[in-house]
Amino acid sequence: MTVDRGFTPAVARPGTTSDILLDGLFTGMIGALVVALWFFVLDLAAGRPLFTPALLGTFLMHGGEAARQTTVAPLEIAAYTAFHFVAFLLVGLAFSWMMTLFERFPIMFFVILVLFVCLQLAFFGLNVVLGAQLMGELRWWTVVVANVLAAAGMTLYQWKRHPGVLKSVEKLWHDSES
């Protein structure tokens with residue numbers, strides 16, 4: 001019996017429910033932290049740290065009119081931060097589950113791609129709707145960049161956890177060319 005000493009196993013493929021849940025939680029946390037850090041840096045550069053979560057927390061708790069006179073307050077920041085992290089955890093869980101399916105069913109690539117585009121359009125639409133009430137406070141491009149950065153971080157983590165999916169995508173493209 002020979003042992004291949006040069007072999008380093010790829011990251012284990014999640015398969016159990018607990019693996020999917022744990023991966024989903026990590027994926028969601030990555031996305032939430034990327035967005036939070038992005039807006040923290042933007043707020044710091046503007047000289048008003050934590051303004052964005054305070055603005056969105058005020059909007060969430062008190063409505064659009066109250067958001068026009070936002071003050072940085074712990075309750076609003078905590079409320080929005082909790083909402084933000086729960087939303088990303090749910091997206092992360094769904095993404096983890098879909099990536100697990102993707103390993104078995106490569107056609108899931110297109111489902112994930114369509115859902116990604118739909119989520120981006122929904123966030124952009126939500127920003128446009130909220131933008132009417134938060135005009136001048138939350139720029140559309142900052143939300144788009146935040147979403148792209150979060151999606152990139154979440155996708156990189158999932159690709160590390162599911163190394164076979166890139167081969168599946170290549171196979172899908174080659175099969176469709178034939």
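What follows is a working chat about helix packing and a few residues in a predicted model.

Trainee: Before we start, what should I keep in mind about the model and the numbering?

Mentor: This is a predicted model, in which local features need pLDDT of at least 70 and side-chain atom pairs count only at pLDDT 80 or more, while totals for chains, interfaces and linings use all residues. Residues are numbered from 1 along each chain as its sequence is written, and side-chain values use heavy atoms, with hydrogens and water left out.

Trainee: OK, where is H84, and is it buried or exposed?

Mentor: H84 is found in helix α4, residues 74-104, where helices (H or I, at least four residues) and strands (E, at least two) are DSSP runs numbered from the N terminus. H84 counts as buried because its relative accessibility is 8%; buried means under 20% relative accessible area, exposed over 50%, and partly exposed in between, with a 1.4 Å probe and protein chains only.

Trainee: What is H84 in contact with?

Mentor: Leaving aside neighbours within four places in sequence, H84 is in contact with A32, V35 and A36, contact meaning heavy atoms within 4.5 Å. V35, counted with residues up to four places away in sequence left out, touches H84, F88, A146 and A150.

Trainee: How do the axes of α1 and α4 cross, then?

Mentor: The axes of α1 (residues 17-45) and α4 come within 7 Å and cross at roughly 135°; these axes are lines fitted to C-alpha atoms, for helices over the stretch in contact, and angles run from 0 to 180 degrees between N-to-C directions. The two helices are therefore oblique to each other, given that angles under 35 degrees count as roughly parallel, over 145 as roughly antiparallel, 65 to 115 as roughly perpendicular and the rest as oblique. The residues of the contact of α1 with α4 divide into 14 nonpolar, 8 polar and 1 charged, where Ala, Val, Leu, Ile, Met, Phe, Trp, Tyr, Cys and Pro count as nonpolar, Asp, Glu, Lys and Arg as charged, and the others, Gly among them, as polar.

Trainee: And α4 against α6, how do those axes cross?

Mentor: The axes of α4 and α6 come within 11 Å and cross at roughly 40°, so α4 and α6 are oblique to each other. On the α4 side the contact is made by F88, V91, G92, F95, S96 and M99, and on the α6 side by A150, M154, T155, Q158 and W159. By class, the contact of α4 with α6 has 7 nonpolar, 4 polar and no charged residues.

Trainee: Switching topic: how many residues has the largest nonpolar core?

Mentor: It has 24 residues, and those with the most contacts inside it are V35, F39, F88, M99, F102, I112 and L138; such a core is a set of buried Ala, Val, Leu, Ile, Met, Phe, Trp, Tyr and Cys residues joined through side-chain atoms within 4.5 Å. The largest share of this core, 8 residues, comes from α4.

Trainee: Last one: what about the phi of L50?

Mentor: L50 has a positive phi of about 65° although it is not a glycine, and L50 is found in the loop between α1 and α2. At 35% relative accessibility, L50 counts as partly exposed.
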